[in-house]
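Here is a walk through one part of a protein model, strand by strand and helix by helix. Please keep the structure open while reading.

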Amino acid sequence: MVGNPLLERISNREAKVGVVGLGYVGLPLGMAFADAGFMVTGLDVDQRKIDKITKGESYIKHIPSEPLAELTKAGKLTATNEFARSRELDCVIICVPTPLTASREPDMSFIIKTGEALAPYVRPGQLFILESTTYPGTTEEILKPLLEKGGLKAGVDFFLAFSPEREDPGNKGFNTKTIPKVVGGYSPACLEVAVALYGSALKEVVPVSSTRVAELSKLLENIYRCVNIAMVNEMKMLCDRMNVDVWEVIQAASTKPFGFQPFYPGPGLGGHCIPIDPFYLTWKAREFEFHTKFIELAGEVNWQMPYYVVQRTMEALNANKKVLNGAKVLCLGAAYKKDIDDFRESPSLRVMTLLKEKGADISYHDPFVKELHKGHGFNMDMTSVPLDPETLNQYDAVIILTDHSHIDYNELVQRSNIVIDTRNATKAVTEGREKILKA
């Protein structure tokens, strides 16, 4: 590739940036580049998202509409479902989902469909970056051949890189602009251009030697959390047997000023990364005749937590001379963590499914997730019910699956028959503690 006019266009904010996939990662990323002075085009197959962006309306709770509206009104951020528009773009960043199949193997269909949709419009001098969390080798083994279908070659005719997304919805301490950005290029020239692009809009860029290193760094980040959460989940189950409060144990251990970082138990893992990433690596490891026993064990422990919550619910009902079959159960929280509207891979959905399978009459309340629909292993259509203090005693049990801040947990406990708390949300409750069962 002779010369590099793209670097100059990036430096002058003249490069046109495209973001494929306008979800929890793509939308804030596109806004960050638009805010930095670039013309940004969002590409998505979901017409609803395109219409919302065109109107300047956010569809993600932690992203306010006002800054989005300012960018769209100024013409800095537009959205379309026409992938032919990618030919006009200088830099294309791919932020599409990478879920698991029913057999817990990597589902590359979104990356493949995106690569196929972009392939006819690849032109010399463009930069393509994959951000979707995936196993090491995806960028070069799957995306690269798709983009090269027209005869142009990565590292020769166009640039190719991988930069793992790092988003934590609801975290007010960090955002897209302030979270350090790891970047790996297919070649040194690819890395140079990708670093220049991210460096023009984000606070800190961390270059690494290859796309595989960047891909694996993302898996390590989340597997680290998965393994430690599995450990405290196992500790919680043991503490229940020993009649010891695991939350008090963690609080006490956290007073050590070195060598300890607290992790907290829950009803299972949620979000797009931590429940999925370990299985991406274990799948890839088999190609090298390597069995990741430790990682797989952690994944299995966390996947079993919804079953444990249901078992504890049955025990709580039994202690109150009730059975789960036919019991009215209110599940608090569908989102995978507090005060957000993201319910991807939420353990709440699995708990509700298991309760329903055992004959429970279930309802749920979540102010951020108004409706639930069939799909991704969840086979029910449900609507969030109001949290009415006057009707709480009509439920045989209330299960706290997500500890949203808006709930008055003192009143909840006092007005409920039984409360199964999976998040330690009732730690400050003083009256009616005999009704609470930790799970």
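This is a predicted model: local features need pLDDT of at least 70, side-chain atom pairs count only at pLDDT 80 or more; totals for chains, interfaces and linings use all residues.

Two strands are said to pair if DSSP finds at least two bridges between them. V398 stands opposite V419 in β14. Strand β14 covers residues 419-421, and 3 bridges join it to β13, with the two strands running parallel.

These two strands belong to an open sheet of 5 strands, in the order β10-β9-β13-β14-β15, with parallel pairing. β10 and β15 (436-438) are the edge strands, each of them pairing on one side only. From one strand to the next, the twist averages 20°. Strands of a sheet pair through backbone hydrogen bonds, either parallel or antiparallel.

Next comes β9, which spans residues 328-332. This strand is mostly covered, with 4 of its 5 residues buried. Its pairing with β10 (residues 361-365) is parallel and runs over 5 bridges. To β13 (residues 397-400) β9 is joined by 4 bridges, and these two strands also run parallel.

Leaving aside neighbours within four places in sequence, the contacts of D396 are L317, K322, A327, K328, N417 and I418. K328 is one of the residues of β9.

The helices come next. Together with β9 and β10, helix α12 (residues 347-357) makes a right-handed β-α-β unit. α12 lies across β9, β10 and β13, and runs at about 160° to β10.

Another helix, α11 (residues 293-319), packs with α12 at an angle of about 50°, the axes being 9 Å apart. Why is α11 called oblique to α12? Angles of 65 to 115 degrees count as roughly perpendicular and those under 35 as roughly parallel, while an angle between these ranges is oblique; the angle of about 50° therefore makes α11 oblique to α12. Their crossing is right-handed. On the α11 side, P306, Y307, V309 and V310 take part in the contact, and they meet P347, R350, V351, L354 and L355 in α12.

Note on methods:
Residues are numbered from 1 along each chain as its sequence is written. Side-chain values use heavy atoms; hydrogens and water are left out. Buried means under 20% relative accessible area, exposed over 50%, partly exposed in between (1.4 Å probe, protein chains only). A crossover is right-handed if, with the strands pointing away from the viewer, the path from the first strand over the helix to the second runs clockwise. Contact means heavy atoms within 4.5 Å. Axes are lines fitted to C-alpha atoms, for helices over the stretch in contact, and angles run from 0 to 180 degrees between N-to-C directions. Angles under 35 degrees count as roughly parallel, over 145 as roughly antiparallel, 65 to 115 as roughly perpendicular and the rest as oblique. A crossing is left-handed if the near helix is turned anticlockwise from the far one by less than a right angle, and right-handed if clockwise.
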